[in-house]
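Open the structure in a viewer and keep the sequence beside it. This tour goes from stop to stop, saying what to select and what is there.

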Amino acid sequence: MTLTPVPRIAVIVVAAGSGTRLRGGAPKAFVGLDTRSILHRSLLGVFAGPLAQVVVVVPEGYEGDALTDARDAAGAAADLVTVVTGGATRQASVAAGVAALWADVDIVLVHDAARALTPPEVFERVVAAVEAGAAAVIPTVPVVDTIKRVDAAGRVVAGVDRSELAAAQTPQGFRRAVLEAALAEATADHTDDAAVVAAAGHTVLTVAGDAAAFKITTAPDLERARAIVQAASAVSPDPTPVARGPRVGIGTDVHGFGGAGTLWLAGLEWPGEQALSGHSDGDAVAHAIVDALLAAAGLGDIGTHFGTDRPEFAGAHAEAFLVHTLGLLREAGWSVGNVSVQVQANRPRFAARRVEAERALSAALGGAAVSVSATTTDGLGFTGRTEGVAAFATALVVPA
Ligand code: CTP
Ligand code: MG
């Protein structure tokens, strides 16, 4: 098992509202969007953004449902999820989320679950602005309608210059200490966190929001969100294009017998068996796994990273290849789900050492599950003539 690093960023997803304007038969975040809830869809966007503690704030009685949605959306990052019960107002719900922040967190984003289709790039822009030194940052979009100030009787009092206006969205980002202090000293109830922090005297900066981050408030908004999700899944085979989900990859390799020394295969030395030839030790099993992992992560193939121009891998064994590959995956934000590899060969006979091979390969991959199977080819082809070994691997990688 791989341990997720303790994040310095947290995203508080407020989902504790009742959804009185939507009237969806359940609290708004728990109303269905596609096959899952609005909350589930929001969390897919959150987990596709920067690595963060994710605090989900929900109405009393919905903690279990929220945990199910959050764990599913989090995938391998499930240990980053905290679920807490919200309060009577949005501001009280945010305060409940703040109380659950981990000690290492110093940047806090507050996000409305109701903005279910917010792209991960918006999260990244907000975090980048806080990291660059801002105390408070909100995403905004230009106001397109002409705006009028009206009085209680519904008469237009004045026009408002649209160029001075921007519509505020979420996630809104803050230095943790700024948000905590502002919430503690707030005397009024504000509709967003930027207003709480502005009331405490801080400057609030803006970054570009996104039209897709609209808030699901009324029934037509929900219809619009459903239509967008449906259209996206119709053109893309991936039903959750906003999220980086698990990915599979395939890799194969062949080496011929005729190398010097003893055989190395599947990370094991096989005394008395004929060696394979190759730039390294000819371990076709390890090389097939490397290709499968790199393909799954979209990082090219073995030639991209271990070409013959890399003298340090001349003669190297499986462990060196797999450890380096694992490092490349981690750098790109992936961890290994599992690996399955099949060897086609007359020699060596795997039966007695299959489990040993699985352990060696798994250890080199940081403990990820590796299955090894072996077969012969009924005397057919080069493997059937004992001229060499073929290996076929599939791998699953998941966002780290
Ligand atoms: N919210 C919350 N706790 C509250 C009120 C609101 O966590 N006591 C959250 C909502 O779940 C939503 C976000 O704040 O994700 C924005 O609020 P809004 O869109 O107004 O949602 P609701 O309050 O649920 O809807 P309504 O006002 O129509 O009842
Ligand atoms: Mg509300």
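Select glycine 173. Its relative accessibility is 0%, so glycine 173 counts as buried. The residue lies in strand E9. Keep in mind while looking that this is a predicted model.

Glycine 173 and alanine 135 are 38 residues apart along the chain, and their C-alpha atoms are separated by 8.1 Å.

The peptide bond from threonine 170 to proline 171 is cis, and its omega is near 10°.

**Another cis bond**

Where is proline 348? Proline 348 is in the loop between strand E13 (334–344) and helix H11 (354–364). Select arginine 347 with proline 348: the peptide bond joining them is cis, with omega about -10°.

**The ligand site**

Next, select ligand 1 and show the residues around it. There are 18 residues around ligand 1, and those that come nearest are Val14, Gly19, Thr20, Lys28 and Ser93. How many residues of the shell are nonpolar, how many polar and how many charged? The shell around ligand 1 divides into six nonpolar, seven polar and five charged residues.

- Glycine 17: a polar backbone atom is 2.9 Å from an oxygen atom of ligand 1.
- Arginine 21: a backbone N or O atom lies 2.9 Å from an oxygen atom of ligand 1.

On its own, ligand 1 has 560 Å² of accessible area, and the protein covers 88% of that. If your viewer can list pockets, find the second largest pocket: this is the space taken by ligand 1.

**The loop between E1 and H1**

Select leucine 22, which is in the loop between E1 and H1. Is leucine 22 buried or exposed? With 7% relative accessibility, leucine 22 counts as buried, because the limit for buried is under 20%.

Move along to arginine 23. Arginine 23 lies in the loop between strand E1 (9–14) and helix H1 (38–47). Its relative accessibility is 74%, so arginine 23 counts as exposed. Check its backbone angles too: phi of arginine 23 is near 50°, a positive value in a residue other than glycine.

**Across to alanine 52**

Select alanine 52, in the loop between H1 and strand E2 (53–58). Alanine 52 has 5% relative accessibility and counts as buried. Alanine 52 and valine 11 are 41 residues apart along the chain, with 6.4 Å between their C-alpha atoms.

**Two partly exposed residues**

Find alanine 158 in strand E7 (residues 156–160). Alanine 158 has a relative accessible area of 28%, so it is partly exposed.

The last stop is threonine 386. Select this residue in the loop between helix H12 (381–384) and strand E15 (388–399). What is its phi? Threonine 386 has a positive phi of about 55°, although it is not a glycine. The relative accessible area of threonine 386 is 35%, which means that this residue is partly exposed.

Key
Residues numbered from 1 in each chain as written. Chains lettered and ligands numbered in written order. Predicted model: local features only at pLDDT ≥ 70, side-chain atom pairs only at ≥ 80, totals over all residues. Heavy atoms only, no water. Near = heavy atom within 4 Å. Polar contact = N/O pair within 3.5 Å; in protein donor to acceptor, adjacent residues only side chain to side chain. Areas by Shrake-Rupley, 256 points an atom, 1.4 Å probe, with all protein chains shown as cover. 1 Å grid on protein atoms, 1.4 Å probe; cavity = no way out; pocket = protein on both sides within 12 Å on 5 of 7 lines; lining within 4 Å. Sits in = over half its atoms within 2 Å of the grid points. Nonpolar A, V, L, I, M, F, W, Y, C, P; charged D, E, K, R; others polar. Helix = DSSP H or I, 4+ residues; strand = E, 2+ residues; numbered from the N terminus. Buried < 20%, exposed > 50% of the residue type's maximum accessible area, 1.4 Å probe, protein only.
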